[in-house]
Amino acid sequence: MINIRPVKSADIEALYAVSLLTGFEGRDASHLYDDPKMMGHIYAAPYAVLEPQLALVIEDSQGIAGFAVGVIDTKEWEDRLEREWWPQLRLRYADPPEASRDVWTPDERRASMIHHPTRTPAGVVGKYPAHLHLKISPRIQGGGFGSKLFDKWRSIAVQQGAKGIHVGVNRANTRAIRFWGRLGFGELTIEGAAKARTVWMGNSTS
């Protein structure tokens, strides 16, 4: 039995777990990180804590097996993270030295993102101001549940005024790029993005 429902505060630890389980191009990233919460600090927990009205989980008989979290206004959200989320984490994690970037561990790369978050390109948020992160555990991947989860999240987002939605996908995660393409997301042409690690994709809600 699969159930999709709004997030609860008691779910946050499970969101951290799913983030790690899907953190390596959609697969388990446990072997990469010393701190199992690094992925969730960036891609899951802040949404569940600060914007729970746009956070959904999908659960099966074993518990939470995925989530969809996001916001309506990405630009405003990035400002809010700077005020309400990153400061506490910057006290917890050291900013790795730029001089050793070439040998940073995965934990250090995420710590650098916490200290120096990259703003979403204006060419993306101008037309597609909303965004989301959607993760599905391997145990239920391939059953169409990701699409169902997105459809429910999109319906709520549109009700709350979303005018266009974007996602950022690791270029190496070709499976995710195909998934978003099937849901109507097209790759965006962004200046300088051809060589970038992130593929930006947009979906109009009108």
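Q: How many cavities of 30 Å³ or more does the count come to?
A: Rolling a probe the size of a water molecule over the atoms shows where empty space is left. The model examined here is predicted. A cavity is a set of points where a 1.4 Å probe fits but cannot get out. By this rule, with a threshold of 30 Å³ or more, the count comes to one cavity.

Q: What is the volume of the largest cavity, and which residues line it?
A: The volume of the largest cavity is about 40 Å³. The residues of its lining divide into two nonpolar, three polar and one charged. The lining is made up of S19, T22, G23, M39, Y43 and K135.

Q: Which residues of helix α1 are buried?
A: Helix α1 covers residues 12-21. Its buried residues pack against α2 (38-43), α3 (45-50), β2, β3 and β4. A residue counts as buried under 20% relative accessible area. In α1 the buried residues are I12, L15, Y16, V18, S19 and L20.

Q: What distance does helix α8 reach from its first C-alpha to its last?
A: Helix α8 has 15 residues, 145-159. At 1.5 Å a residue, the expected span is 21 Å. The helix comes close to this expectation, reaching 21 Å.

Q: Why do the buried residues of α8 lie on the same side of the helix, and what arc do they cover?
A: The buried residues of α8 are F145, G146, L149, F150, W153 and A157. They are placed on the same side of α8 because the arc they cover around the axis is only 130°.

Q: What covers the buried residues of α8?
A: The buried residues in question are F145, G146, L149, F150, W153 and A157. Their cover includes the strands β1 (3-6), β2 (55-60), β3 (63-71), β4 (130-136) and β5 (164-170), together with the helix α9 (174-182).

Q: Is F179 buried or exposed?
A: F179 is found in helix α9. Not counting residues up to four places away in sequence, F179 touches L134, G146 and S147. Its relative accessible area is 17%, and the limit for a buried residue is under 20%. F179 is therefore buried.

Q: How far apart in space are G202 and P129, C-alpha to C-alpha?
A: G202 is found in strand β7 (residues 198-204) and counts as buried at 7% relative accessibility. Leaving aside neighbours within four places in sequence, its contacts include Y128, I165 and H166. Although G202 and P129 are 73 residues apart in sequence, their C-alpha to C-alpha distance in space is 9.5 Å.

Methods: Residues numbered from 1 in each chain as written. Predicted model: local features only at pLDDT ≥ 70, side-chain atom pairs only at ≥ 80, totals over all residues. Heavy atoms only, no water. 1 Å grid on protein atoms, 1.4 Å probe; cavity = no way out; pocket = protein on both sides within 12 Å on 5 of 7 lines; lining within 4 Å. Points joined across faces, edges and corners; volume = space filled by probe spheres on them. Nonpolar A, V, L, I, M, F, W, Y, C, P; charged D, E, K, R; others polar. Helix = DSSP H or I, 4+ residues; strand = E, 2+ residues; numbered from the N terminus. Expected span 1.5 Å × (residues − 1). Buried < 20%, exposed > 50% of the residue type's maximum accessible area, 1.4 Å probe, protein only. Arc of directions from axis to C-beta. Contact = heavy atoms within 4.5 Å.
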